[in-house]
Amino acid sequence: MKEKTTIEDLFAQYQPDMGDRNEYITQIAKKLEAAEYAKRYREAQTRRYRRMMVAVFISGIVTGAIGIVLILLKPLWLLPPGITIEAPTSFPMLPKVLLLLAFCFVSLCITGLVRKISDSREVRVR
Amino acid sequence: MTRQQFIALVSEEQESLRRFLLALCEGDRMEAEDIAQEAMVKAYIAMERFVERAKFATWFFKIAYNTFLDHQRAGWNRRTDLDAAEEMPGGPRADDAFQYQELYEAISTLPLKEKSAILLFYVSGYSVKEIAKITGSSQLAVKQQLSRGRSKLRQILER
């Protein structure tokens, strides 16, 4: 008559062959080396990206400040020759506002362009 | 922690972990090995977050268990084509699935949480508190899972 197997017996008998330990550890060490290489590469990329963002931010602040000062003080210098903006009497600040908006739009375009160039460089490197 | 220290710690736990995963995958050695290796890489990348006072084995098993759950959610990518089966080597390990068929069949009837608790308790030798940390359940829930799991296994074994 077959003896009833208890739960403890069932698991005590469970000793599957897991292969050579040293060989397995050698395999794992190689995988970890590859993982570390990938991790370092990603970290270097992140650092490069952050440095570039800081540079873009600072240059944006500086050029933005210069542009705004110019617009507020001597807006007509920024207009191409032959073009004038008539300021309506009800809204004398209109030329300055329009130039400020145009300046913001151009800044956004430049930021987007810089970002696109940076992303395409990352894709090429990958 | 350096890579060598990490490898030394993994070396102590890898057999127990792989045995647990093999049982959890019901004898599917390929899947268990995939999960084990993925878990080791994840643990290595996350080792800076490992708090030294925490027990390495529990932390490591938790990562492996979560990796197993991710595989389950993604749907196991089982190789079922005959060409792949023909290429697979035979040998003593191929007989393991047959040798432990009774165990795999018994645990396959358990829901995942009960199966995990039972295997962590009986195969890996963890306490209720440790199992709760690994599976993210409360200790009370783990006790209930163990109780239910044991009861179901007894019914199967008594048949």
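Predicted model: local features only at pLDDT ≥ 70, side-chain atom pairs only at ≥ 80, totals over all residues.
Residues are numbered from 1 along each chain as its sequence is written, while chains are lettered from A and ligands numbered from 1 in the order in which they are written.

**Chain B**

- Chain B has nine helices and zero strands, taken from DSSP runs (H or I of at least four residues for helices, E of at least two for strands, numbered from the N terminus).
- Of its 159 residues, 31% count as buried, meaning 20 or more other C-beta atoms lie within 10 Å of the residue's own, with C-beta atoms placed from the backbone.
- Contacts here are pairs whose C-beta atoms, placed from the backbone, lie within 7 Å.
- Among contacts in chain B between residues at least 6 apart in sequence, 67% join residues at least 24 apart.

**Where the chains touch**

- On the chain B side 28 residues are in contact with 19 residues of chain A.
- Helices α1 (3-24), α2 (29-45), α6 (101-108) and α9 (139-157) of chain B each give two or more residues to that side, and α1(B) gives the most, with ten.
- That side of chain B splits into 16 nonpolar, three polar and nine charged residues; Ala, Val, Leu, Ile, Met, Phe, Trp, Tyr, Cys and Pro count as nonpolar, Asp, Glu, Lys and Arg as charged, and the others, Gly among them, as polar.

- The axes of α2(A) (residues 21-73) and α2(B) come within 10 Å and cross at roughly 45 degrees; axes are lines fitted to C-alpha atoms over the stretch in contact, and angles run from 0 to 180 degrees between N-to-C directions.
- That makes α2(A) oblique to α2(B), since angles under 35 degrees count as roughly parallel, over 145 as roughly antiparallel, 65 to 115 as roughly perpendicular and the rest as oblique.
- From α2(A) the contact uses I28(A), K31(A), L32(A), A35(A) and K39(A), and from α2(B) it uses Q37(B), M40(B), V41(B), Y44(B) and I45(B).
- Those residues divide into seven nonpolar, one polar and two charged.

**The largest nonpolar core**

- Of the 40 residues in this core, L21(B), A36(B), A64(B), L119(B), L120(B) and I131(B) touch the most other members; a core is a set of buried Ala, Val, Leu, Ile, Met, Phe, Trp, Tyr and Cys residues joined through C-beta atoms within 7 Å.
- The largest share, eight residues, comes from α1(B).

Technical notes. Contact = placed C-beta atoms within 7 Å. Buried ≥ 20, exposed ≤ 12 C-beta atoms within 10 Å, placed from the backbone.
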